[in-house]
Amino acid sequence: MPAYNEAENVNEVVRMWHPVAERICNEGNECKLVIANDGSKDNTFEILTQLKSEYKHLVPLNKPNSGHGATVLYLYQYAIKENADYIFQTDSDGQTLPEEFWQMWENRHQYDFNIGTRGGRQDGSSRVFVTKTLRFVVWMMFGVWVKDANTPFRLMKKDRLQAIMEYIPKDYALANVAVSAIAVKKGEKIAWYPITFRPRQGGTNSINMKRIFKIGWKALGDFRRINKNLKGL
């Protein structure tokens with residue numbers, strides 16, 4: 001999970017998600033709940049550090065601010081270096097539900113990518129508009145139709161994700177969009193799951209519409225470069 005100014009949410013989010021790590025460990029596996037503080041201006045990292053003594057599978061990381069997408073890539077690289085077999089990503093704002101993770105976990109051997117789709121999402125019409133726009137842009141740029149390109153709820157095989165990340169520029173702002181588009185383009189084994197997507201459970205979203213369009217416009221050039229590298233697939 002990336003975290004930026006999530007002091008109001010992070011305690012409850014850890015309480016909700018840590019049992020997932022515990023259950024996986026109880027099944028005879030090793031599992032970590034890794035949360036990267038992306039240079040928060042509040043005390044998010046201090047809270048995470050305090051929670052570490054209570055939640056043994058929690059791993060708080062601290063890094064300079066680079067934005068959501070770049071932090072997601074940072075966490076993917078961390079998991080790859082730690083030699084994880086599977087990497088699950090969600091956000092730290094409490095919008096997703098841990099009980100919906102297990103449908104993906106049960107199918108982890110059959111599919112390379114298990115990705116949520118946010119039907120009936122509850123975080124505002126502007127976000128729905130952005131999701132639909134991204135779907136159209138991905139189709140225009142990559143020639144593939146992706147159900148929900150930017151969902152922060154995905155379980156992925158490390159080896160397949162690592163191969164895809166070779167195409168993605170470092171610190172790319174729309175990391176999960178690129179991962180989804182490339183995975184579909186490359187014909188990876190993908191399963192899609194309807195998931196619940198609640199309103200933020202506390203705090204203020206740092207991404208407004210003006211910033212979304214700025215990030216999206218900047219990302220278009222990288223989309224072109226990524227697609228060029230994918231020619232022939």
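Arg15 is partly exposed, with a relative accessible area of 44%; here buried means under 20% relative accessible area, exposed over 50%, and partly exposed in between (1.4 Å probe, protein chains only). Bear in mind that this is a predicted model, where local features need pLDDT of at least 70, side-chain atom pairs count only at pLDDT 80 or more, and totals for chains, interfaces and linings use all residues. Residues are numbered from 1 along each chain as its sequence is written, and side-chain values use heavy atoms, with hydrogens and water left out.

So who does Arg15 pair up with? Its side chain meets that of Glu12 in a salt bridge, 2.4 Å from N to O. The term stands for a side-chain nitrogen of Lys or Arg within 4 Å of a carboxyl oxygen of Asp or Glu, and by this rule the count comes to eight. Glu12 is partly exposed too, at 38% relative accessible area. Both residues sit in helix α1 (residues 10-26), three residues apart, or about one turn of the helix. Helices (H or I, at least four residues) and strands (E, at least two) are DSSP runs, numbered from the N terminus.

Next, look at Arg160 and Glu188, whose closest N and O atoms are 2.8 Å apart in another salt bridge. This pair links distant parts of the chain, 28 residues apart: Arg160 is in helix α6 (residues 158-165), while Glu188 is in the loop between α7 (175-185) and β7 (190-194). Arg160 counts as partly exposed at 29% relative accessibility, whereas Glu188 is buried, with a relative accessible area of 11%.
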